[in-house]
Structures are given as C-alpha cells and as structure tokens.
Protein chains: 4
Amino acid sequence: MDQDKAKEILESAPFHKFLGLSFDEYESGRVVINAPFRQEMIVNNEYDIMHGGILASLLDIAGHYAVLSQAGDRVPTANFRIDYLNAASGTETKAIGDVVRVGSNLAVANAELRQQKDGEWQTVAIGRGSYSVSHIE
Amino acid sequence: MDQDKAKEILESAPFHKFLGLSFDEYESGRVVINAPFRQEMIVNNEYDIMHGGILASLLDIAGHYAVLSQAGDRVPTANFRIDYLNAASGTETKAIGDVVRVGSNLAVANAELRQQKDGEWQTVAIGRGSYSVSHIE
Amino acid sequence: MDQDKAKEILESAPFHKFLGLSFDEYESGRVVINAPFRQEMIVNNEYDIMHGGILASLLDIAGHYAVLSQAGDRVPTANFRIDYLNAASGTETKAIGDVVRVGSNLAVANAELRQQKDGEWQTVAIGRGSYSVSHIE
Amino acid sequence: MDQDKAKEILESAPFHKFLGLSFDEYESGRVVINAPFRQEMIVNNEYDIMHGGILASLLDIAGHYAVLSQAGDRVPTANFRIDYLNAASGTETKAIGDVVRVGSNLAVANAELRQQKDGEWQTVAIGRGSYSVSHIE
C-alpha cells in the first residue's frame, strides 16, 4: 500500500481519529506513528498513567501499518503479544512498527512505543503480532 | 478488592469512561464487564468492524479486574496475548475475565469477548495475560 | 486426520519417540497425550524439576494434534505462548489439546499439562497456539 | 551469574546434555548458545524438519541465560512466546538471547535461532519471554 492510501486510512478510521494518529515515517517495512496525548487515554488520574489498552492499540496499529507497507490492502491482526516495560505517562507517544517477515499466509511484525522522559526517548512497551496476509485482495 | 471499590475505579478512569464500562458480574476470580457500542470504536466504516485495539483493551481490562477481585489494589499488566477469532462488529460487547492462578509474584488470567450475532453470543476474541501482584501495597 | 494416521505420526517422529508419547484420547477437536517420565527431561537434578522446554514441547504437540484431528495433514505451528503455573516434577505428564477455532488460514488451540501431586491432577502449565491450516494438501 | 557457573549449569542439566549445548558467547545481557544437530531433534524424517519443541526449548534457554547473566541464580521462566519464521532443518543451530529489561519482579528477554542455509545464517524462529527475577536468592 502506498503512503497516500495508508495515510488516508490512518486518518479516517474513527478510532484512529480518536487517537489523533499521523505518520512520522512510512517506508517499506517500517513506520513511525505519532500519537498526541489526550486526557481520555489515562487509567489513573492520580499518577497520570496511560492505559495499557491505549498502548496495546498503538502497538498493534504500528505493526499493522508496517505490514501494510509491504503486503496489500487488508492484513487483519491474527494475534498480538505485548510486554509492558515502563509506566507510560500522559504525554506524546511514538509507535514504531517493523516487519520481521511476510510469508504467504502470515506476516510477523515487531512494534515498540517510546515516550520522552527527562529529555530522552524511553521504550515503554514492546509488542509482536501476526497478521493474515492471505486475505490480500 | 471489594466490588464497590472496583466499581469506583472501573467507572472513574478516563479511558474506562470513554469505553462506558460497567460490571455485569463481579465475584472472586471472575468478572463480566459490559461495553456499550460507540462510533469511535470502529476501524472500518464500510464494514462496521470494531478496532482490534478496543478489543485488546477490553480483554486486558477483564483479565485485570478478575485478578483485582482476588489480589489487592494494584496489579499492573506485565504482558498479554490476544487471539482474534471472528470480526467484531459495532455492537455491545461482553468482556469476561477469569483468574487462572494467583502466585506470589504474578497472576495469570484468561479473558474472552462476546457479541451477539443472529441472536447468539459468539466469542470474537480471547486473551491471556500476566499481572504483577507483588506490587500489592 | 483419523486416529490411526495420527497415532502413526505421533509414534514415529524421532523427537516424539524420545518423549515416549502415546494417545490417551483422540477425538475431533480434543486430544490427551501421555508422556512418561525420563531422566533427560530434567533441568535441575537437585530439585527434580522438569525442563520448561519439555513442557513447551508437550503443550505445542497437544495443540497440534488437536488441530490435526479436525484439519488435514499438515498444520505447522505459526506461534505459541506458554504460561508456567507450577513447577513440574519428574513424573508422568498428561498433555491435553483443545481446538478453539479452525479458520480458513489459521487454527487456534489451547493446551494444558497435568501431573499428579499428592494423588491429584494439578495443572502445571498452559499454552495457546496458532497453526497454519492453509498449508493443507 | 558469572560465566563459569553458567557454563557448569548449562552443561550439567540432563536436558541440556541431551541437546549438547555450549556457549559461543556469554556476556552481560547477551548469550549465544550452540546446539549441534542430533537425529532425535527431528519431527519429520521425510523432509528433515526440526521439531518445534526443540526450537522452543532453545529459544527459552537462550533468553534464560541472557537474564541469568545479569540477574542472579534462579530466574524461572514465567511465560514465553515463539514465532516460527522458516522451517528449521537438521543442522547446527545458534540460539541468541538478549535482555530487554530487568525489573524488580520480572525480566524480559528476546531470543532468536539461526541456522546456515546456502552458506548464510538465516533466522528460523524468534521468541520473547518473561522471567521471574524476584526469586533471586
């Protein structure tokens, strides 16, 4: 899928619009997606911690678009695994997706979330997913 | 955690409020959470398909509260796996969480999402997660 | 795959022969496999603990044959997750596989390992895997 | 754990002896383990394909020793996930483990298996695991 079409889908899906997503990078096999902070992303007001479900969503989306950049129009997620490494706070998040392999039935992609903490980009969560590429039309 | 406190957290966290969550059941080791449909949950307007990130969020939340019902005040998700079984549509979703085991450091829980299709409750996604219980205060 | 053919493969593959596997049950969508203990399965001589890799192998095999019982001749594992629940000891292990869903590309199966402890069958590990069924010949 | 002690455990555990493991590299946070081929590792004689359970075992062991190199004496695997990328054949396998993070309760490590095909090292499987480090004595 070319970047214009990917951008159109990224920016038009209702849940993506809620998340406010945009591409920082889009190349074959690798994407970086920007997710600005919004208050509804928080799980714990007191500690300003971002909800794990938001993080899972951003990881899956990053992996998904990394696969889309190499493999057609529809690549539904078959399964996904997330490891939470550090508490994510209420701030802008970068979601990076990298293709590991595109097979005839399944593609595998890695994803990573980064946030700035004390001026440095820190990894807050990592994920890996399988995407069904045999659905390609 | 008792049901009143769990209910208070379930209903006050900003992302939970976005999702409109409430308990259908809350007992030791098992919860059923109701998530009404809202338009922002959709990934594909044309086919009315719910976003995988919403499903991942609901699964994680169900597992999380199942563990909370048996294991203290803070049980952050350490890692999670989701298997998408059937396309989820724009309709009410039930998220069921069941504790598998609460250990001294980690708890493991299963989660399942169901939606009504043609009058029957169908499983659309399943998940399994590990939760850090040694953070208990 | 019918039981005779499944039995033939289960008992002839070199690694299966090392593990000494046999079917306790084989029906559509569910299998129970018996793995007798042998000394090479141990990771820690002092505490008589079975190696996690043996447990992972048994879980994958159970899920694999559960899928085979419903879905053709070749269903290679695409991915797998294992949760270790209790230390497994040097004793006979039962590996149970249950199909969750057979789709057009992927099948999902659950697996569980049980060992007798103090006269009761206890679950020592659980797994869930995706198997490529579009490879069916 | 220092390399001498790690080497002693790697080479003395019965299942490790069956696998014939030895260290190619052992440094803080990263290990490379060599697994020579033996006939019992095969699942399919006709196609000379290595059993997925052997691959799962090697991945888990690589992650485990990567964590051990940074985090004490006992770090039992809590859960593990494997993605099979390419069929592994009956030949020597390198298992690489890399620590992602060592937390106060859990460590996360990546693992990768490589085999030579047509003179090049190819990745045949990847894994990621969580290890309980709060058991440290």
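What should helix 3 (residues 52-68) of chain B span, at 1.5 Å a residue? The expected span is 1.5 Å times one less than the number of residues. With 17 residues, helix 3 of chain B should span 24 Å, and its end C-alpha atoms are 24 Å apart, which agrees.

A word on the ground rules. This is a predicted model, where local features need pLDDT of at least 70, side-chain atom pairs count only at pLDDT 80 or more, and totals for chains, interfaces and linings use all residues. Residues are numbered from 1 along each chain as its sequence is written, chains are lettered from A and ligands numbered from 1 in the order written, and side-chain values use heavy atoms, with hydrogens and water left out. Helices (H or I, at least four residues) and strands (E, at least two) are DSSP runs, numbered from the N terminus.

Back to helix 3 of chain B. Of its 17 residues, 16 are buried. Buried means under 20% relative accessible area, exposed over 50%, partly exposed in between, with a 1.4 Å probe and protein chains only.

Next, Thr77(B), in strand 5 (residues 77-84) of chain B. Its relative accessibility is 15%, so Thr77(B) counts as buried. Its side chain makes a polar contact of 2.8 Å with that of Asp60(B). A polar contact is a pair of N or O atoms within 3.5 Å; within protein, one must be able to donate a hydrogen and the other to accept it, and residues adjacent in sequence count only if both atoms are side-chain atoms. Beyond four places in sequence, Thr77(B) is in contact (heavy atoms within 4.5 Å) with residues including Tyr84(A) and His64(B).

Now the interface of chain C and chain B. Each chain puts 15 residues into the contact. The buried area is about 1200 Å², 50% of it from carbon and sulfur atoms. That is accessible area (1.4 Å probe) lost by two parts on being put together, summed over both. Arg81(C), Leu85(C) and Arg128(C) supply 51% of what chain C buries against chain B. Six residue pairs are in polar contact across this interface. Strand 8 of chain C gives the most to its side, with five residues. Salt bridges between these two chains: zero.

The rule is a side-chain nitrogen of Lys or Arg within 4 Å of a carboxyl oxygen of Asp or Glu. One joins Asp73(A) and Lys5(A) at 3.5 Å, N to O. Those partners sit 68 residues apart.
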